[in-house]
Amino acid sequence: MRVLVLFAHPAQRKSSINLAMADVARRVDDLTFVDLYEEYPRFQINIDREQKRLLDHDVIVFQFPIYWYSTPSLLKEWQDLVLEYGFAYGPQGKLLADKFALISVTTGGRETDYSATGGNNYPLRQFLLPLQQTATLCGMKFLPPFVLHAANHIGTPEAQRHVASYGALLSLITTNQLDLDEAMTRDTIFPADLPIMAEH
Ligand SMILES: Cc1cc2nc3c(=O)[nH]c(=O)nc-3n(C[C@H](O)[C@H](O)[C@H](O)COP(=O)(O)O)c2cc1C
């Protein structure tokens, strides 16, 4: 599987976890890593280049910290400009069909905050619905998200485990060892219970 990681974090000098995750992703063999804020600090997105990148890959990973229950703004700009009519959707626009989309997201809120009785009132999946439906409209397969909750509150061991799991997950995908269709049937991508291909 050809994997593209699109990383969006506007405040990297303050990042405690996404930078470490990005470093691990960058080192995975045969994976394309793009730091969107580094490439487009002035939001001048090269639409042709981004569309070509999408065409050249099978799995598109969107890695970001959740900001105001959504993506950082450059990733929204990217969606608005790159997922054009006639390219990503519309009668002639099926060029992303059957590619996989994977969200790798960190949250400040704890898992319990993302519930009817928690401070955020709704499960995290609810806040990811615009991304899910965007992918679905484009004919993409939206994988369950890879999530780290309470990213600012966990200890070093847990953070290190998550970073290592992210690297392992990306490696498994690039080497075709993860059963992505089986993963589609699950609620989350849980590192301890990844659907590994039977023959491996
Ligand atoms: C502008 C801003 C908005 C944020 N909005 C949310 C939010 O809506 N929900 C949430 O759980 N955390 C929110 N957070 C916390 C971040 O998601 C958290 O700091 C990040 O995931 C930690 O990863 P990092 O250390 O790599 O930045 C927000 C943080 C900032 C700076």
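Residues are numbered from 1 along each chain as its sequence is written, and side-chain values use heavy atoms, with hydrogens and water left out. As the model is predicted, local features need pLDDT of at least 70 and side-chain atom pairs count only at pLDDT 80 or more, while totals for chains, interfaces and linings use all residues.

I begin with the ligand.

Next, the backbone of the protein. A polar backbone atom of S16 is 2.7 Å from an oxygen atom of the ligand, and a backbone N or O atom of N18 lies 2.8 Å from an oxygen atom of the ligand. For W68, a polar backbone atom is 2.8 Å from a nitrogen atom of the ligand. On its own the ligand has 630 Å² of accessible area (Shrake-Rupley method, 1.4 Å probe), of which the protein covers 78%.

I turn now to H149. This residue is in the loop between β6 (146-148) and α7 (156-174); helices (H or I, at least four residues) and strands (E, at least two) are DSSP runs, numbered from the N terminus. Is H149 buried or exposed? H149 is buried, because its relative accessible area is 18% and buried means under 20% (1.4 Å probe, protein chains only). Its side chain makes a polar contact of 3.0 Å with the side chain of T107; such a contact is a pair of N or O atoms within 3.5 Å, where within protein one must be able to donate a hydrogen and the other to accept it, and residues adjacent in sequence count only if both atoms are side-chain atoms. Leaving out residues up to four places away in sequence, H149 touches several residues (heavy atoms within 4.5 Å), among them T107, Y114 and L124.

D113 lies in another loop, between β4 (100-106) and α5 (124-127). D113 is also buried, with a relative accessible area of 18%. Beyond its neighbours within four places in sequence, D113 is in contact with G118, G119, N120 and N121.

Finally, V3 is found in strand β1 (residues 3-7) and counts as buried, at 0% relative accessibility. Among the residues that V3 touches are L31, V59 and I173.

Key:
Buried < 20%, exposed > 50% of the residue type's maximum accessible area, 1.4 Å probe, protein only.
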